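Please look through the sequence and the structure shown here before reading on. The report then turns to side-chain contacts, cores and helix packing.

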Amino acid sequence: MATAETAAGVLDPVLAFALVGALGVGGQWIAWRLRLPAIVLMLAAGLIVGPVLGVLDPAAQFGDMLQPMIAIAVAIILFEGGLTLDFHSLSDAAKGVRRLVFIGGPLGWLASACALHFVAGLSWESSAVFGGIMIVTGPTVIAPLLRQAKLSRRPAALLQWEAIVNDPVGALAAVLAFEVVVVLQTATGAGHAVQQLAIGIGIATVLGLAAGWGMATAFKRGWVPEYMKVPVLFVVLLGVFALSDSVLHESGLLAVTLMGIWIANAGLPSFTELYRFKEHATVLLVSGVFILLAAGMSFERLMILDWRALVFVAAVILIARPLPVLIALALTNVPWKERFLVAFTGPRGVVLVAVAGLFGDRLAGLGITDAERIAPLAFVLVAATVVLHGFTLSPFARALGLSAGEKPGVLILGGSRWSVELAKALEKMELPVMIADTNHARLRNARDAGVPTFFGDILSEAAEERVELMAYEKLICASENDPYNTLVATDLAPEFGRENVFQLKRVKQASSRHALPATLGGRALAQELTFMEANAQIAGEHEFRVSTLSEEWRLEQWRKQLPDAIALAELGPGGRLHFLDPGEDPSDREGMKILSIGPARAERKNGDEAKEAKAARVAGQGNAAPVSSKGGPATG
């Protein structure tokens, strides 16, 4: 195993930066491909290149700049978290969030301090300081977990708001406890410590709110050009954090969080672009900080711990976290299933490790000998909770019925006959489907067919509050209004991912005079039909059909029996829905379901059944072909 000195000679700081970025982003990409918790992979990558192989030693390669780098990264992460806290998203979770912060926070501090003292064996001084830090549940971990687990709206809002709001609260609780320890260990007066704490929190609050108001006002009145908004925001953010932290350590976290919350609720027309850029920056920072903190943990520091560390982690997961949450959410309108999900979901992240290491060193400087155990305890707690919740949150939510969608659903814009028939075919593939339209009358056929609908603008605040967008993986914009389709596809592309947004062909798309840039609108469906062409096809002798390939009935047989059918999408046995590009062939795999469109079968063109089906189609009540359970094309 390589030593720290060897590691420092292997990589210079520039190569080290590149390695951290490659491991962090690469880990997130691999996690996305394999549907694994990204945090777990990043933690493992940091441990492998750090203490295991000795390739990366952050302290040796970055020196005195390591702590400022991590501090600024945490500040940006918390600011971006504040940008997600739109008060409109709270709705019926507002009371639960308030109780989690004002009741659950202090109770969590007390429970954590007791677990540290009686189970881990730390002194009351170390337990009080570290217990305050343990209020933090970690937005750096919660955000990726929520993205993966796709929870229902209210439990997701409770976990997200608690994680972001309690982050600066936990840091300030640790500052308060540390100031008390300083008073007890030195000749510093209690009045002076209280005064310093009050001034620091007051300045942080004023700075954060003032900066948020100032940025919102400047952006609304056009005082900052569009191309400079993000740079100006970054500079102001760093200035607010540095000024506040110079008055009182860790108060900068409070200031930047309040600044983010103010901007999030200011109604800025350019807020979406600002938030998306900050979100991309945060993905890089979260992965980088996780790699650095994991790589910087040495086996020598971890060897300080004994068996009580494992018992302590179990006590936190089973008692110190759930008990305060259940007490805080008692007598609220939050259902018991959601209370249990929130209570037993408490992953810790980079803020806990970073702040715990800082206060551990300060307590050790005051002569408290067991303070050196704080940093390794924090790392073990983060590693255990990240792995536990990373692998169990999704199945736990599904078991409680709190998952927004177990299968990748499809959201269809426009209530035309083509959309209804497509929705019915997708339902036969056992996929969640919803049709949205701004015209109530156009949703009648969908309602008659039993397809879930949303009446209203899918970009409205009402849709944001009532539609579980996380339950849908694909978006098909198929209304009769081409500009509206383009608007919705462009606006929701970052939400769904551009590869998952599709749109019917625009009427004038063939003309270069009317062609739009590739950055606007959605991808083309396999047939590349306009709204009128697609609906005329359904009104004629065409129908959607779902076929299942089997060992005996493969793609070649499907083509022979359905020579005129055009494959639109495929659903693999693993549950991943893939819409085919124009000219792309479906996969020839057993168990693959193929969604296609083609001429109605001969048996339906003849006899009473064909006449009834045609009459139903004319009346807007057409029927999609049923799925064949034995493979091959549907027959009835």
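Leaving aside its neighbours within four places in sequence, which residues is L377 in contact with (heavy atoms within 4.5 Å)? They are L116, A120, L122, F130, L305, A309 and F312. This is a predicted model, in which local features need pLDDT of at least 70 and side-chain atom pairs count only at pLDDT 80 or more, while totals for chains, interfaces and linings use all residues. Residues are numbered from 1 along each chain as its sequence is written, and side-chain values use heavy atoms, with hydrogens and water left out.

L377 also belongs to the largest nonpolar core, which has 123 residues and in which F130, M259, F290, F312 and L377 touch the most other members. Such a core is a set of buried (under 20% relative accessible area, 1.4 Å probe, protein chains only) Ala, Val, Leu, Ile, Met, Phe, Trp, Tyr and Cys residues joined through side-chain atoms within 4.5 Å. Helix α9 (residues 153-185) gives the most to this core, namely 16 residues.

Two helix pairs are set out below, with angles from 0 to 180 degrees between N-to-C directions of axes fitted to C-alpha atoms over the stretch in contact.

| Pair | Angle | Axes |
|---|---|---|
| α5 (residues 66-83) and α12 (residues 251-264) | about 30 degrees | 7 Å apart |
| α6 (residues 94-118) and α7 (residues 124-133) | roughly 140 degrees | within 8 Å |

Because angles under 35 degrees count as roughly parallel, α5 is roughly parallel to α12. In the contact of α6 with α7, residues W109, S112, A113, L116, H117 and F118 meet W124, S127, A128, F130, G131 and G132.

Technical notes
Helix = DSSP H or I, 4+ residues; strand = E, 2+ residues; numbered from the N terminus. Parallel < 35°, antiparallel > 145°, perpendicular 65-115°, else oblique. Buried < 20%, exposed > 50% of the residue type's maximum accessible area, 1.4 Å probe, protein only. Contact = heavy atoms within 4.5 Å.
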